[in-house]
Amino acid sequence: MNIKQFYNDIQGSYQNALSIMMNDSLIERMLTKFMSNNVFEQIINSYEQKDFRNLFAAAHSFKGVTGNLALTPLYEISSNITELTRKSDDVDISKEIQQLKDAYQLVIDSYKKNQ
């Protein structure tokens with residue numbers, strides 16, 4: 001996998017990922033695990049069901065994973081969703097959900113392209 005190109009494509013931070021994971025092999029293994037993780041789907045399903053408690057929990061988990069992997073756009077959007085849903089279930093986050101979907105699709109496409 002061309003990890004540097006992947007991070008460049010998604011506007012992530014390869015250097016931050018490398019400082020946390022220490023080598024490309026571990027980054028690649030964690031990215032592979034991330035791709036099979038279902039937290040993104042949990043966020044979308046919770047949003048569609050208006051289950052803001054589970055939405056908050058899933059977004060918070062997603063924020064942690066994407067932060068550790070330095071998937072910057074996903075981290076920033078999920079962080080924003082986490083804060084917006086932390087204390088309120090009466091908030092319009094449709095814009096943020098669409099941003100998350102778009103950024104996630106870019107990550108998926110770039111991952112496949114760089115394998």
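View 1. Asp9 lies in helix H1, where helices (H or I, at least four residues) and strands (E, at least two) are DSSP runs numbered from the N terminus. This is a predicted model in which local features need pLDDT of at least 70 and side-chain atom pairs count only at pLDDT 80 or more, whereas totals for chains, interfaces and linings use all residues. Residues are numbered from 1 along each chain as its sequence is written, and side-chain values use heavy atoms, with hydrogens and water left out. Residues up to four places away in sequence not counted, Asp9 touches Leu106, Ser110, Lys113 and Asn114; contact means heavy atoms within 4.5 Å. Between Asp9 and Leu106 the C-alpha to C-alpha distance is 8.2 Å, with 97 residues of sequence separation.

**View 2. Gly12 in the loop between H1 and H2****.** Gly12 has 23% relative accessibility and therefore counts as partly exposed; buried means under 20% relative accessible area, exposed over 50%, and partly exposed in between (1.4 Å probe, protein chains only). Neighbours within four places in sequence aside, Gly12 is in contact with Tyr7, Ala70, Thr72 and Pro73. Gly12 and Val107 are 95 residues apart in sequence, and their C-alpha atoms are 9.5 Å apart in space.

View 3. Most residues other than glycine have a negative phi. Met22 is exposed, at a relative accessible area of 62%, whereas Ala70 is buried, at 6%.

**View 4. The contact of H2 with H3.** The axes of H2 and H3 come within 9 Å and cross at roughly 100 degrees. Axes are lines fitted to C-alpha atoms, for helices over the stretch in contact, and angles run from 0 to 180 degrees between N-to-C directions. H2 and H3 are therefore roughly perpendicular to each other; angles under 35 degrees count as roughly parallel, over 145 as roughly antiparallel, 65 to 115 as roughly perpendicular and the rest as oblique. H2 contributes Tyr14, Ala17, Leu18 and Met21, and H3 contributes Asp24, Leu26, Ile27 and Met30. By class, this contact of H2 with H3 has 7 nonpolar, no polar and 1 charged residues. Ala, Val, Leu, Ile, Met, Phe, Trp, Tyr, Cys and Pro count as nonpolar, Asp, Glu, Lys and Arg as charged, and the others, Gly among them, as polar.

**View 5. The packing of H5 on H6.** With their axes 8 Å apart, H5 and H6 pack at an angle of about 150 degrees. That angle makes H5 roughly antiparallel to H6. The crossing of H5 and H6 is left-handed, a term for a near helix turned anticlockwise from the far one by less than a right angle, with right-handed used if clockwise. Residues of H5 in this contact include Phe52, Leu55, Phe56 and Ala59, which along with others meet a set in H6 that includes Leu74, Tyr75, Ser78 and Ser79. The contact of H5 with H6 divides into 8 nonpolar, 7 polar and 2 charged residues.

**View 6. The packing of H6 on H7.** The axes of H6 and H7 come within 9 Å, crossing at roughly 155 degrees. This makes H6 roughly antiparallel to H7, and their crossing is left-handed. On the H6 side are Pro73, Leu74, Ile77, Asn80, Ile81 and Leu84; on the H7 side are Glu96, Ile97, Gln99, Leu100, Ala103, Tyr104 and Val107. These residues divide into 10 nonpolar, 2 polar and 1 charged.

**View 7. Leu74 and Ile43 in the largest nonpolar core****.** A nonpolar core is a set of buried Ala, Val, Leu, Ile, Met, Phe, Trp, Tyr and Cys residues joined through side-chain atoms within 4.5 Å. The largest has 35 residues, and those with the most contacts inside it are Tyr7, Phe34, Ile43, Phe62, Leu71 and Leu74. H1 (3-10), H2 (14-21), H3 (24-36), H4 (39-48), H5 (52-68), H6 (72-85) and H7 (94-113) each supply at least two residues of this core. H7 gives the most, with 7 residues. Leu74, in helix H6, is buried at a relative accessible area of 0%. Not counting residues up to four places away in sequence, Leu74 touches Phe34, Phe62, Thr66, Leu100, Ala103, Tyr104 and Val107.
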